[in-house]
Amino acid sequence: MAYQTFRQEYLQVPPVTRAYATACVLTTAAVQLELITPFQLYFNPELIFKHFQVWRLITNYLFFGPVGFNFLFNMIFLYRYCRMLEEGSFRGRTADFVFMFLFGGLLMTLFGLFVNLVFLGQAFTIMLVYVWSRRNPYVRMNFFGLLIFQAPFLPWVLMGFSLLLGNSIIVDLLGKKL
């Protein structure tokens, strides 16, 4: 019975969100089970263009690091904002949503050449959050019950939180540039 409920919930997720989130979870699971290594996934322009390892153009968006706080945080934001975009602004326009994914991924890959990031999935998630926040300017947000603000400030609040955790803000800025 629990399997049927999970299956029904899973199938209710919009197709692009379901495919991307599933690919991210499966990639991380494969790394955790040591079926593949992150060295086979990361963004390396030399390996892509000189050795024709073109899968790296996609796989670097699918791995968020080992299972832990950072992975769960990214997956929650990816699932939530990707789903809200697909069900809201892009409702009935799946092709447009896929085009936004591809265009955003292309631009992020080009910017990734200059900032030396080896995994672009987190920046892609920030891009989805940024697009959602700009399309929903009047939504009031609550960050851990401490801060109340309008949706367009969400990416900046996340960047501040990232700074508090001691992370580099390059990823957050890359996601906002698109």
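Reader: What makes you say that the charged end of Arg56 sits over the ring of Tyr42?

Author: Bearing in mind that this is a predicted model, the charged end of Arg56 is 5.0 Å from the centre of the Tyr42 ring, and a charge counts as sitting over a ring if, besides lying within 35 degrees of the ring normal, it is within 6 Å of the ring centre. Arg18 likewise lies over the face of Tyr10, at 5.9 Å from the ring centre.

Reader: Why is the pair of Phe99 and Phe103 called stacked?

Author: The ring centres are 6.1 Å apart and the planes stand at 15°, whereas pairing requires centres within 6.5 Å and stacking requires planes under 30 degrees apart, so the pair is stacked. Both residues belong to helix H6, where they are four residues apart, about one turn of the helix.

Reader: Why is Phe99 called exposed, and why is Phe103 called partly exposed?

Author: Phe99 has a relative accessible area of 57%, and exposed means over 50%, so Phe99 is exposed. Phe103, with 44%, falls between the limits of 20% and 50% and is therefore partly exposed.

Reader: How do you know which helix gives the largest share of the lining of the largest pocket?

Author: Helix H6 contributes six residues, the largest share, and the pocket itself has a volume of about 330 Å³. Among the lining residues closest to its centre are Tyr61 and Phe101, which also belong to one aromatic cluster with Tyr20, Phe90, Phe97 and Phe124.

Conventions
Residues are numbered from 1 along each chain as its sequence is written. This is a predicted model: local features need pLDDT of at least 70, side-chain atom pairs count only at pLDDT 80 or more; totals for chains, interfaces and linings use all residues. Side-chain values use heavy atoms; hydrogens and water are left out. On a 1 Å grid over the protein atoms alone, a cavity is a set of points where a 1.4 Å probe fits but cannot get out, and a pocket is an open set with protein on both sides within 12 Å along at least five of seven lines; lining residues have an atom within 4 Å of a point. Grid points are joined across faces, edges and corners, and a volume is the space filled by probe spheres set on the points. Helices (H or I, at least four residues) and strands (E, at least two) are DSSP runs, numbered from the N terminus. Rings of Phe, Tyr and Trp (its six-membered ring) pair if their centres lie within 6.5 Å; planes under 30 degrees apart count as stacked, over 60 as edge-to-face and the rest as tilted. Buried means under 20% relative accessible area, exposed over 50%, partly exposed in between (1.4 Å probe, protein chains only).
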